[in-house]
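Some labels attached to a structure rest on cut-offs.

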Amino acid sequence: MIIVVLIGLLFGGGVLAWAADRFKLADPRWVSIASLAIGLIMLLAFSLYQDAVIVIDGQQWLASVQASWIPRFGISALLAMDGLSLLMVLLTLFLGIVAVLSSWNETKHSKGFFQFNLMWVLAGVVGVFTALDLFLFFVFWEVMLIPMYFIIAIWGHEKRRYAAIKFFIFTQASGLLLLLSMVVLVYFHYQAEGFISFNYFDLLGTELPSGMGLWVMLGFFVAFVVKLPGFPVHTWLPDAHTQAPTAGSVILAGVLLKTGAYGLIRFAVPLFPEESALFAPTAMLLGVIGIIYTAAMAFAQTDVKRLIAYTSVSHMGFVLLGVYAGNATAMRGAIMTMLAHGMTSAALFAFAGAIQQRIHSRDMREMGGFWSSAPRMGAIVMFFSVAALGMPGLANFVGEFLVLLGAFQADAWLTAVAALGLILAPVYSLIVIQRIFHGKPLVERPIADFSHREVVMMGMMMLVTIWLGVYPQAALDLATQNLASLMAWVEVGAESAVLPDLAMTAGGGQ
Amino acid sequence: MLELSWLIPTFPLLGFLLLALGRLPKKLAAIVGVGSVGVAALLTLGMALELMGLPEGERVFRQTLWQWFASDGLSVPFAFYIDALTMVMMSIITGIGFLIHLYSVGYMADDPAFARFFAYMNLFVAAMLALVMGDNLVVLYLGWEGVGLCSYLLIGFWYDNAENGYAARKAFIVTRIGDTSMALGLFLLFMHLGTLDIQQLMVNAEQAWAVGSLWPTLGAALLLGGALGKSAQLPLQTWLPDAMAGPTPISALIHAATMVTAGVYLVARTHGLFLLAPDVMFAVAVIGALTLFISGFTALTQTDIKKILAFSTMSQLGYMFLALGVGAWSAGIFHLMTHAFFKALLFLAAGSVILCMHHEQDIFKMGGLRKRLPVAFWSFMIGGLALTALPFTSGYYSKHEILLATADYERSGMLLWGVGVIAALLTGLYTFRLIFVVFFGNDTSHADESAVGLNIKLPLIVLCVLSIAGGWITLPFEEVFPQLAADHHYGLFSPINLLTTLPPIVGIGVAWYAYLAKPSISYTLARSRWGDRFKRFWFSGWGFDRLYQHVLISPFMWFTRINKADVVDSVYTLIAWIMRIVHRLLSMTQTGRVQWYAAGIALGVVVIVGLGVMQ
């Protein structure tokens with residue numbers, strides 16, 4: 001029930017915010033904050049007091065709700081939440097508040113409609129994180145896309161139309177691929193079982209004819225990797241992030257990218273265990289190329305938002321590596337990296353937005369020496385840069401360490417290459433500090449330091465980053481509640497690899 | 001009381017938080033900054049007494065604070081392990097750290113970012129303590145990265161100069177290369193031994209691996225990579241001279257007494273693993289010998305007072321690595337300790353010279369400061385003598401022990417010993433070159449020591465005492481390290497003993513002759529054709545910076561410059577471009593003329609019919 005209430009709260013909050021602005025009833029920003037805060041408190045209370053576990057198909061779920069929707073095609077409104085979903089939804093609500101705060105004074109026109117779009121994106125994201133009916137999942141997948149398109153296209157910066165269209169085409173094309181793959185999967189399930197169903201639990205374990213399975217899996221994989229984004233389908237992201245208004249960048253980096261990773265973990269891998277096992281080495285390689293290549297790209301940028309955008313791709317490379325490394329440690333690391341990256345990238349984008357509001361530029365060549373006039377800003381950005389480069393004691397380290405430790409057991413050489421990312425991370429992170437805060441002041445006029453609103457916003461994220469870095473175990477346990485079933489592909493993959501051997505020894509024995 | 005040992009790193013950490021979050025006035029900042037380390041030092045003293053009071057064989061204390069993270073078979077508690085080795089390191093960190101904090105109150109008095117300085121310093125002390133106290137390699141790695149971060153922050157402390165920022169980033173990135181190797185070492189050890197707990201790791205390694213087999217060799221080599229980066233040894237040594245851009249107390253604390261010795265500590269802490277990898281141990285010895293040799297020559301050509309000391313630090317760290325390589329663990333840590341005394345003294349004295357000379361660092365712009373700066377002069381004399389390892393100073397005992405152990409080493413021990421002895425001569429030469437140039441000769445300046453307060457002089461005096469008497473301390477390492485198999489038994493007047501003792505004195509003599517008695521000699525030598533070439537080559541640190549510039553940095557910069565727009569995106573741009581062309585071609589057919597459409601339809605019919613006929 002809580003899931004329906006949450007999604008309804010966000011959809012409703014969006015409409016209310018729009019209405020509040022239209023009829024001059026209230027500040028739409030406060031309407032958004034209020035509905036997000038209520039949702040967050042509700043969910044926190046729920047996660048603290050909910051200890052009953054619902055078992056569906058051998059998996060443990062914290063909440064679930066199902067309603068009939070289009071019974072003819074086996075489509076139902078099935079929403080459920082396990083630890084992984086819960087963490088992702090918490091992240092979404094939390095960063096939603098951050099997003100509203102970060103764009104507090106940025107939108108000059110249609111403020112209500114802006115909040116409406118923001119809330120609807122978030123509602124879509126919460127839906128994506130909880131939907132367990134593939135058709136419903138797809139609906140939410142689209143719901144989060146279209147308001148985001150508006151946010152970039154209407155309130156974005158100088159090249160917003162190009163960026164918005166690029167974003168739309170990339171995600172829409174991959175969405176189409178996703179839909180197609182879903183239908184093919186459902187069709188084969190129908191052939192095998194005799195009934196049509198979009199239900200996740202029904203579709204788990206569907207046997208696809210060999211040759212076909214790999215293609216269907218690739219459809220899912222490509223759709224999610226575009227969103228992640230992984231190399232080489234990452235190029236929409238630097239444009240979209242750079243041109244989006246601050247709140248848009250915060251949501252894109254902090255939350256929207258996680259839907260891609262979530263899709264891989266929840267759908268692409270468990271639905272196609274054998275194919276995933278077969279494909280894992282390639283996926284890991286793509287992850288590693290992404291880590292190294294985009295880290296170098298980040299260093300090359302002069303636009304601060306573009307730089308941060310590329311670092312996001314680099315960090316998502318770790319997620320891809322972790323998901324396909326095929327062991328629980330790396331998977332835990334991947335999930336932790338998702339949470340950690342949510343904090344650091346959101347904070348850095350919020351900072352980039354703040355600086356653009358102050359000097360009306362994102363070009364780092366026009367910045368320098370800001371520490372003397374804005375020490376609080378400097379210290380906070382230093383904190384998040386240091387977190388992003390994987391300092392132990394902060395969240396990102398736990399994620400990257402677990403990913404690499406796990407991946408090392410799967411492929412030592414590839415992991416050694418991935419570890420080069422640890423060397424490149426300070427190369428790009430510290431150049432940000434150098435160009436913006438150190439050196440002689442280039443701008444004559446001193447810039448304003450972070451206001452109280454910005455300090456509160458950043459402080460919240462700092463606390464979470466420290467907490468996840470110092471005591472990550474609670475989140476790790478929660479995240480990996482259904483790990484066994486999410487990781488079933490490894491065993492299945494191993495079995496299918498081992499079977500011929502067994503057959504051979506049996507044959508030899510006769 | 002040992003249960004309270006978690007308080008030792010906690011106090012500096014709290015100090016950091018207070019200094020970073022509260023806007024403390026200078027006085028309060030000084031009290032918090034110095035006080036937190038002072039309390040940690042007192043606690044350390046208490047713990048040390050208690051630990052040594054324990055019965056023999058039980059002088060170990062372990063404490064688990066909380067479960068940091070865990071996953072399949074991996075369990076990383078936030079835990080501390082304290083034995084005699086840890087205790088010695090903790091005493092150095094908090095003791096010398098306290099003195100340097102006290103000194104900094106005077107040195108940084110006029111700096112507007114006083115509180116920020118102490119915040120970073122306190123964070124450093126906390127991280128360094130975590131490094132040596134860590135019970136498992138991940139907590140050690142936490143401290144390891146933490147001190148690297150503080151080193152970065154403090155080298156670039158005066159941030160308005162872009163060169164300082166460059167030096168800071170260079171230090172962080174070069175050491176990160178080593179750290180990454182170390183991280184891979186952790187992964188390898190975990191994969192094969194199933195734990196990251198240091199003590200358990202050593203036990204498992206001994207059980208699972210034969211001496212000289214592949215995995216311990218690889219694991220030790222990867223860990224060594226981390227040690228080389230942190231301790232500025234070949235080939236990752238290039239960051240240390242640039243690190244002198246930071247305020248001088250930093251150079252004393254981080255880049256002489258504590259952080260740069262972390263590599264030595266790591267190797268000593270995991271000596272069980274290194275003993276399984278004799279090839280890696282040999283490599284440690286060779287790298288140490290090469291580094292001390294190369295940096296000795298470089299120190300000879302430097303003119304910046306701090307850079308001379310920096311290269312000398314590198315060279316002395318080389319001695320420690322030499323000791324580790326030949327298995328003289330206790331001697332290595334002993335030298336680590338005495339070096340912490342006299343090198344901290346030298347840096348702090350150099351800082352007081354720099355302060356009195358209004359931030360002049362070129363030794364050839366100084367001269368005759370003996371009378372003007374008596375405290376600095378005597379500090380330099382005592383520190384210099386200890387560094388040169390003149391008999392009865394602290395440096396003598398530790399260095400002598402190392403060189404004699406090297407001579408006994410079975411794999412080209414005499415050669416390594418020879419290199420060490422030549423470098424000992426060089427040490428005398430470059431140290432006293434500095435002292436003679438700065439403190440003797442013509443008095444040209446108006447420097448005045450009266451501005452220097454007690455908080456600067458007191459640490460110098462304490463360190464003077466330690467630099468002399470520190471050699472009489474016996475470190476209780478019987479339970480930590482295996483004893484050397486061959487105990488050297490050289491007579492007082494045996495050739496080896498004499499040849500090990502005398503070279504530094506020869507070095508001092510040469511320095512006296514070439515820089516005081518007949519300075520024209522050093523001038524002519526430096527001006528001669530070959531002399532000039534060697535001088536330039538040595539001055540540049542044997543060309544390592546240039547090599548890395550050409551091999552690593554330039555190609556990377558080139559790649560990022562030409563690919564700023566991301567070549568991958570051109571694929572999608574191409575697709576978009578093709579679509580646009582197709583769109584234009586197709587829209588050309590939509591002319592609105594009926595005859596064209598009719599012709600099109602006719603052509604289509606012909607083609608279809610034709611196809612039908614062909615079938």
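Q: What makes up the contact between chain B and chain A in this predicted model?
A: On the chain B side 35 residues take part, and they meet 38 residues of chain A. A pair of residues counts as in contact if their C-beta atoms, placed from the backbone, lie within 7 Å.

Q: Which elements of chain B give two or more residues to the side that touches chain A?
A: They are β1 (61–71), α5 (137–155), α6 (162–193), α25 (544–562) and α26 (567–589) of chain B. The largest share, 13 residues, comes from α6(B).

Q: How do the residues on the side of chain B that touches chain A divide into nonpolar, polar and charged?
A: There are 19 nonpolar, 7 polar and 9 charged residues on that side.

Q: What is the make-up of chain B in helices and strands, and what box do its C-alpha atoms fill?
A: Chain B has 27 helices and 2 strands. Along the principal axes, its C-alpha atoms fill a box of roughly 115 × 60 × 55 Å.

Q: How many of the residues of chain B count as buried, as a percentage?
A: The figure is 54% of the 615 residues of chain B. To count as buried, a residue needs 20 or more other C-beta atoms within 10 Å of its own.

Q: What share of the contacts in chain B with a separation of 6 or more is between residues 24 or more positions apart?
A: Such residues account for 80% of those contacts.

Q: Which residues touch the most other members of the largest nonpolar core?
A: Ala344(B) and Leu345(B) do, in a core of 421 residues. Leaving aside neighbours within four places in sequence, Leu345(B) is in contact with Ser379(B), Ile382(B), Gly383(B), Leu460(B), Leu463(B), Cys464(B) and Ser467(B).

Q: Why are α1(A) and α4(A) called roughly antiparallel?
A: Helix α1 (residues 2–22) and helix α4 (residues 111–130) of chain A pack at an angle of about 170°, with their axes 7 Å apart. Angles over 145 degrees count as roughly antiparallel, and therefore the two helices take that label. Their contact has 16 nonpolar, 6 polar and 3 charged residues.

Q: How do you know that α12(A) is roughly antiparallel to α13(A)?
A: The angle between helix α12 (residues 304–324) and helix α13 (residues 328–359) of chain A is about 175°, and their axes are 9 Å apart. With the cut-off at 145 degrees, that makes α12(A) roughly antiparallel to α13(A). Among the residues making the contact are Ile308(A) and Phe318(A) of α12(A), and Met338(A) and Leu348(A) of α13(A). By class, the contact of α12(A) with α13(A) divides into 13 nonpolar, 7 polar and 1 charged.

Q: Why is Glu142(A) called partly exposed?
A: Glu142(A), in helix α5 (residues 134–155) of chain A, has 15 other C-beta atoms within 10 Å. Exposed means 12 or fewer and buried means 20 or more, so a count in between gives partly exposed. Glu142(A) and Val125(A) are 17 residues apart in sequence and 9.7 Å apart in space, C-alpha to C-alpha.

Q: Why does Lys24(A) count as exposed?
A: Lys24(A) has 8 C-beta neighbours inside 10 Å, and 12 or fewer is the limit for exposed. Lys24(A) lies in the loop between α1 and α2 (28–49) of chain A, with a positive phi of about 50° although not a glycine.

Q: What makes His360(A) exposed?
A: The count for His360(A) is 8 other C-beta atoms within 10 Å, to be set against the limit of 12 or fewer. His360(A) lies in the loop between α13 and α14 (375–388) of chain A. Its phi is positive, about 55°, although His360(A) is not a glycine.

Q: Where are the prolines of the cis peptide bonds Leu228(A) to Pro229(A) and Leu234(B) to Pro235(B)?
A: Pro229(A), joined to Leu228(A) with omega about -10°, is in the loop between α8 (212–227) and α9 (236–243) of chain A. Pro235(B), where omega is near 0°, is found in the loop between α8 (214–230) and α9 (239–242) of chain B.

Terms used. Residues numbered from 1 in each chain as written. Chains lettered and ligands numbered in written order. Predicted model: local features only at pLDDT ≥ 70, side-chain atom pairs only at ≥ 80, totals over all residues. Axes fitted to C-alpha atoms, helices over the stretch in contact; angles between N-to-C directions. Helix = DSSP H or I, 4+ residues; strand = E, 2+ residues; numbered from the N terminus. Parallel < 35°, antiparallel > 145°, perpendicular 65-115°, else oblique. Nonpolar A, V, L, I, M, F, W, Y, C, P; charged D, E, K, R; others polar. Contact = placed C-beta atoms within 7 Å. Core = buried A, V, L, I, M, F, W, Y, C linked by C-beta atoms within 7 Å.
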